[in-house]
Amino acid sequence: MNILLANMPMTFNRRENLEPPLGICYIGGMLKTMKGAVVHLKDFEVADYSPESLRAYLAERSIDVVGVSFRTASYGSAKRFVTDVKSFRRDIFVAAGGHHATAFPRETLADMRCDAVIVGEGEYAFKDVIGRLQERASLAGVPGVVFRDADNRVIANPPRQPIENIDDLPWPSRELLDLGSYNVMTLLTSRGCPFDCIYCDKGVSTRAVKYRSADGIFEEIRYLVSTLHKNRLYVVDDHFFLNKKKLREVLDRIIREKLPVQWTCQARVDGITADILAAAREAGCEQIMFGIETGDESELKYIRKSSTLKQAEEAVRLTKKAGIRARANFMLGFPVSTKETVKNTIRFARRIKPDIVRFFAVSPLPNTDLWDDIYGKGVIPPWVKWEELDFFKPSFNIKDLPREELSLYVTAGYWHVLKNDFLLEATLFFIPKLLRLLYLTARTGRLRGNISKCFPRSVNLIVDNMHQLSGKSFKEAVSFIRQVLRLERTF
Ligand code: B12
Ligand code: SF4
């Protein structure tokens, strides 16, 4: 049986994310253990897409089953992909999985016209599905699967229990991807997060946390370095610093065995200490991304972040002191926000001086308390078209801050935090930085990464902020920038 597992991008042919998608890699790793299953992976974040090339791909490999992985933000491309597969050959069995499909299995099945949806973690569920398809048996009773039966009725099987021991899972089958497309390898060392932030989708990754063994993690890192020759890693765990005992074991192994890795990860701001940061730095940590989200006490309480502003400030300070880049993500425009709370967040971001700052307009995800708060519990407003949701622009109006105005605050936020350093990079330091860029590019043969090394604040200001200007005419963009500059003076 020939199986294609495909990962969907937010927009086709943009090549924005350059890290392997672990969802399809984990499923691929599991399916590879099955007799008679030939597995192919395709990541449309990096691969070009057209219906013609897809048809050729499906025909060349005689694909029988397609598994499509997507999130709410990539719903549109997933729907188009499924339509293209089915219009090529109706009898290709198509299953959907991932966070969005988990939140809305029946709706996804109906709207995408696929044959099954896998709810939650997919390794064992999809293995069982493939087993049944190989035997030409019905999917009735396979836990965690919603499917169409022979009479086209939708059947929802009972849910599947979350996987208990994630050490038992085969390693992700990254080698089935076009590895040359990625500079960085993704790695997962735990699943789950015990916290309860109101904007976080806990459909797949639950509040019960599961850890891998330090040995298993270390061996996988060693494999990435020595066999795949990839030594830059992105640890995708929700909170890599949660279990510091386990983390310490892994870091000590990396240090002891002198494994030449450089890595970035995500962490909460609570529990960050100087000694764990020192060990992380020694073991190759280059950047930690903190989801700080707000600099306003009342908003912090509203989002149930369970951390404090003091902890946020301290985490950024200690991280930078340890020689690790501190990236801080903020969300602007909660239902409880006012102009003043949004300004508080921007002022806070400027005060704590992270190395990289990101401001996101709040975009509620389905299956979260934030969504329920805005639209009503479990309600999907009739205007919601998943394929049209833009996760970078404000998606709803707040009393004190209409959507258009919130966009101004996002851009003014970047300007407020970054303008001084940006102006220095663009004037006084321009020539020395340019010379450094030329030198590094000549030495490494890479331009992209080196631009952000030499002009970090300019890249942060321009690249991370582009979305707010996209779709605007030149005249509109000029007027937008004028308003931003005026607004920023009021901060
Ligand atoms: C790493 C990460 C990213 C990376 C992705 C890099 C990469 N190439 O992998 C980056 C930074 C690019 C990113 C971007 C975004 N992300 Co993100 N991200 C994550 C994170 C932290 C880990 C994802 C991961 O690798 N998990 C590990 C793998 C093994 O799990 P998995 O992908 O869920 O796959 C399992 C199941 O879902 C299922 N499954 C998945 N696909 C399929 C397919 C089939 C056929 C089957 C059977 C099963 C199946 O089985 C898999 C194995 O068990 C998650 C949080 C989390 N804990 O999952 C958020 C998360 C996925 N991201 C989220 C969001 C909102 C975004 C952005 C919109 C943020 C933004 N504003 O830009 C974008 C959207 C990008 C997109 N293309 O859609 C939300 C998505 C919620 C939703 N309903 O869609 C999450 C869940 C965070 C949260 N808790 O709210 N993200
Ligand atoms: S700490 Fe992060 S992963 Fe955990 S609930 Fe909050 S947002 Fe989600």
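Predicted model: local features only at pLDDT ≥ 70, side-chain atom pairs only at ≥ 80, totals over all residues.
Residues are numbered from 1 along each chain as its sequence is written, and chains are lettered from A and ligands numbered from 1 in the order in which they are written.

The protein is divided into domain 1 (2-156) and domain 2 (184-401), with bounds from an automatic or database domain assignment. Their C-alpha centres lie 28 Å apart. Contact (C-beta atoms, placed from the backbone, within 7 Å) joins 15 residues of domain 1 to 16 residues of domain 2. On the side of domain 1 that touches domain 2, α3 (75-88) and α4 (99-103) each give two or more residues.

Seven strands form an open sheet of mixed pairing in the order β2-β1-β3-β4-β5-β6-β7. Helices (H or I, at least four residues) and strands (E, at least two) are DSSP runs, numbered from the N terminus, and two strands pair if DSSP finds at least two bridges between them. Because β2 (38-43) and β7 (154-156) stand at the edges with a single partner strand each, one side of each lacks a neighbour in the sheet. Strands β4 (residues 93-97) and β5 (residues 116-118) pair in the parallel sense over two bridges; alanine 96 has valine 117 of β5 as its bridge partner.

Around ligand 2 (C-beta atom, placed from the backbone, within 6 Å) are Cys193, Phe195, Asp196, Cys197, Cys200, Asp238, His239, Arg268 and Gly291.

Terms used. Contact = placed C-beta atoms within 7 Å.
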